[in-house]
Amino acid sequence: MDFNKMLFAEKSKLNEHVLIHWIRSSKTPLSFAPAMSFFVLGFKDLLLNLEYPQATTTLEKAVNHHCKEDLEHWQLFLDDLETMNVGQSAWGTKTTTALRQIWSNDNWRVRQATYKMMSLTFQQNSPGVRLLMIECLELAFAVFIEAVRASDSHSPEALKYFGDHHFFEEASHQQGSWIDETHQLDLNELQLTDEESKNAAMILLEVFEWFHLMFTSWYKQRAIFTSPSQVPLKELAELSPKAI
């Protein structure tokens, strides 16, 4: 089973999602960013659940290394929400307003996708399968961040999670990166058993299916958080830290 070929095929499909096309052409390509909160913050717990408390084999250590590299990226996301001024402008001054939106019906698919992907981490103990799942998640993120960087309104210096800071961290992963195509892990060398290969193929397809549904939810929420006071990304780079 050629997992590398399968992953690139799924990446190609995800690249054609309406959200990705919209991000590339929009003047406010991250207007839906608050809708990502449940997934981005939940991603930390997903990684914690994939880790091996006492890693002994090379693959188990590789899984743990991958997880540790991405474990604190949620804090970059929170920094960007503040930089983009989506606090009071999007949610008002009450914490309950933000929580209502995160747990709203509009955001159900995001929560559902996060729950589903978390459930997959409980079902698989094979380090090879877990490593493949991490690669699926990273490749789906690569589709997203590459679209953001391709946007005419993108300002890579202004943001962390959505900017160059996060992008180059992903590209420089020691175990390989789907952002840097010259530095990728060959998943066909994982030497999985027949049963593990079957499970890995199922997980690969499921992860991308849930990303399609989550992207659709983010796209539908692109106008919920916009306001006249929201600053376009290009202008953020020109503001001083105090002004931001």
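## Overall fold

Of the contacts in the protein with a separation of 6 or more, 79% are made by residues 24 or more positions apart, where a contact means heavy atoms within 4.5 Å. This is a predicted model, in which local features need pLDDT of at least 70 and side-chain atom pairs count only at pLDDT 80 or more, while totals for chains, interfaces and linings use all residues. Residues are numbered from 1 along each chain as its sequence is written, and side-chain values use heavy atoms, with hydrogens and water left out.

The secondary structure consists of twelve helices and zero strands, these being DSSP runs numbered from the N terminus (helices: H or I, at least four residues; strands: E, at least two).

## Core

Of the 244 residues of the protein, 52% count as buried, a word that stands for under 20% relative accessible area, whereas exposed means over 50% and partly exposed lies in between (1.4 Å probe, protein chains only). The largest nonpolar core has 70 residues, and those with the most contacts inside it are M117, F144, F162, F211 and W218. Such a core is a set of buried Ala, Val, Leu, Ile, Met, Phe, Trp, Tyr and Cys residues joined through side-chain atoms within 4.5 Å. Several helices each supply at least two residues of this core, among them α1 (3–15), α9 (127–150) and α11 (194–220), and the largest share, 16 residues, comes from α9.

## Two tyrosines

Y52 is found in the loop between α3 and α4 and is buried, because its relative accessible area is 9%. Leaving aside its neighbours within four places in sequence, Y52 is in contact with residues including E60, V63, N125 and R130.

Y115, by contrast, is placed in helix α8 (residues 108–123) and is partly exposed, because its relative accessible area is 42%. Together with L99, W103 and W108, Y115 makes a nonpolar surface patch of about 430 Å². The residues of a patch have over 30% relative accessible area and no salt bridge, with nonpolar side chains (Val, Leu, Ile, Met, Phe, Trp, Tyr) joined within 5 Å and like charges within 9 Å; a salt bridge is a side-chain nitrogen of Lys or Arg within 4 Å of a carboxyl oxygen of Asp or Glu.

## Confidence

The protein averages a pLDDT of 84, and 80% of the residues score at least 70, on a scale of the predictor's confidence in each residue from 0 to 100. Over residues 235–244 the pLDDT is below 50. Where pLDDT is low, the predicted coordinates should not be read in detail.

Key:
Areas by Shrake-Rupley, 256 points an atom, 1.4 Å probe, with all protein chains shown as cover.
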